[in-house]
Protein chains: 2
Amino acid sequence: MMITPKVAVDVIIFTVRNEALQVLFVQLKPPLHTEMWAFPGGLVPSGESTEEAATRCLFETTGVKDVYLEQLYTFSNPHRDPHGHVVSVAYVALVNRTRINLRVPGKCANIGWLSVATPPPLAYDHADMLQYAIQRLRWKLEYTNIVYSLLPRDFTLTELQRVYEIILGRPLDKRNFRKKMLSLGMLQVTPRAVKVGAHRPARLYRFRRRMPMIIEVL
Amino acid sequence: MMITPKVAVDVIIFTVRNEALQVLFVQLKPPLHTEMWAFPGGLVPSGESTEEAATRCLFETTGVKDVYLEQLYTFSNPHRDPHGHVVSVAYVALVNRTRINLRVPGKCANIGWLSVATPPPLAYDHADMLQYAIQRLRWKLEYTNIVYSLLPRDFTLTELQRVYEIILGRPLDKRNFRKKMLSLGMLQVTPRAVKVGAHRPARLYRFRRRMPMIIEVL
DNA sequence: TCAAAAGTGTTGCATTTACACCCATGA
DNA sequence: TCATGGGTGTAAATGCAACACTTTTGA
């Protein structure tokens, strides 16, 4: 019987919070990489699919299920983990921060959201993973509806636009943005509006279908 | 120590041959799945990256290196292989058939090119892999230059167009195709032309850079 | 001179970009 | 009445799709 590498998953959990794109990191307990941060993850037991393992990891740290979760890439450099050859299947999840109840997994010393703009020192090859994940997120934002998973059920168009601007890192034209979003037909107007502050109340919208789809197909 | 699944690679090797998109399949030796076909692949030994394993598999069956090779997806269903839990990292390779010297790997009974239009019964979850690979190939053909890996160094625009038509499965307009290709600036005219048959000779072109790149960036 | 593939431009349509003012509200 | 964010339309430019004839060659 040939000896093959071990299999792990890492889950890159994005949210938009405090006007920034943030990622959930855990801090490992000594003696492993203390002072470094890493994505939630771990070895995959035989009999469990990597999707299941990623879903489980996501649930154990945030308490949420049923959010957008996508396989990103498989990282397999034999030296990526100094303790032995571990092939890691990376996943990306998008969560709405208001639904989160963070919990520190048993094997971790700490957990928290950190902005991708100023990432901390990362363990293993997690810096590569993060770069790739951000790139993929920006790319898919443009031609899918996955942003639904970052927002509450009801939201204003300005909130939606802010999420796009924060992730893409550039300002968008308000009129063109609204025209485009509404023309895609994936949003539904709700009868309600929000009144906050001394100005005109904003209409609330929601996604017709809160599931991933490619925009041309809508 | 936790027991994790074994790690394998499968390589989906595409070529364009006989006016069809074809894939390289091997037939397993008895007692395993005889009568079924599968992609070249196998377990990844500890210490080898999956890229290396895929490159090696490609070389062992076709004798080529330095062609387009891309990670496709990781398949991890615990039941995908009835003999035990094997996570397979699938790769896609694109080769130019004229450069190929097929060899039957020791553990296989047979090897050959088969058209994707009429795929044979496939072992494991290889039918799923194939569908996904075709989809990805079509998609990437539209916004990258990866087609370079399917053609000889020098080719005519008609040959290039045929490759696109065969993979996409629909006819393309000759004038629009040429306009588009030439405007992207990724082709170089060569001084030579080919004369075959009783008609005007065709100019030969080649790719400026025979390496994968996204078309907007060119 | 004929057959066969190579090669070449223009027009309409759809999509994207740029851009500035009025509206509704609470303080 | 003023400050604040919500909401709206038009014109130019760009990109894409449709479409037919002339050129060069060898037989």
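Student: Hi! Is A:Arg56 buried, partly exposed or exposed?

Tutor: Hi! In this predicted model, A:Arg56 is partly exposed, at a relative accessible area of 31%.

Student: Which residue does A:Arg56 form a salt bridge with?

Tutor: That would be A:Glu60, and the closest N and O atoms of the pair are 3.5 Å apart. A:Glu60 is partly exposed too, with a relative accessible area of 37%.

Student: How are A:Glu60 and A:Arg56 placed in helix 1 of chain A?

Tutor: They sit four residues apart in that helix, which spans residues 50–62, so about one helical turn separates them.

Student: Nice. What does A:Arg136 form a salt bridge with?

Tutor: A:Glu70 is the partner, with 3.1 Å between the closest N and O atoms. A:Arg136 belongs to helix 2 of chain A and A:Glu70 to strand 5, so this pair ties together parts that are 66 residues apart in sequence. A:Glu70 is buried, its relative accessible area being 14%.

Student: And how many salt bridges does the structure hold over all chains?

Tutor: There are 24.

Student: Switching to chain B: where is B:Leu160, and is it buried or exposed?

Tutor: B:Leu160 is in helix 3, residues 157–168. It is buried, with a relative accessible area of 0%.

Student: What is B:Leu160 in contact with, leaving aside neighbours within four places in sequence?

Tutor: Its contacts include B:Val147, B:Leu151, B:Phe155, B:Phe177 and B:Met181. B:Leu187 and B:Phe207 are also among them.

Student: How far is the C-alpha atom of B:Leu160 from that of B:Arg80?

Tutor: Those atoms are separated by 37 Å, and the two residues are 80 residues apart along the chain.

Notes: Residues numbered from 1 in each chain as written. Chains lettered and ligands numbered in written order. Predicted model: local features only at pLDDT ≥ 70, side-chain atom pairs only at ≥ 80, totals over all residues. Heavy atoms only, no water. Helix = DSSP H or I, 4+ residues; strand = E, 2+ residues; numbered from the N terminus. Buried < 20%, exposed > 50% of the residue type's maximum accessible area, 1.4 Å probe, protein only. Contact = heavy atoms within 4.5 Å. Salt bridge = Lys/Arg side-chain N within 4 Å of Asp/Glu carboxyl O.
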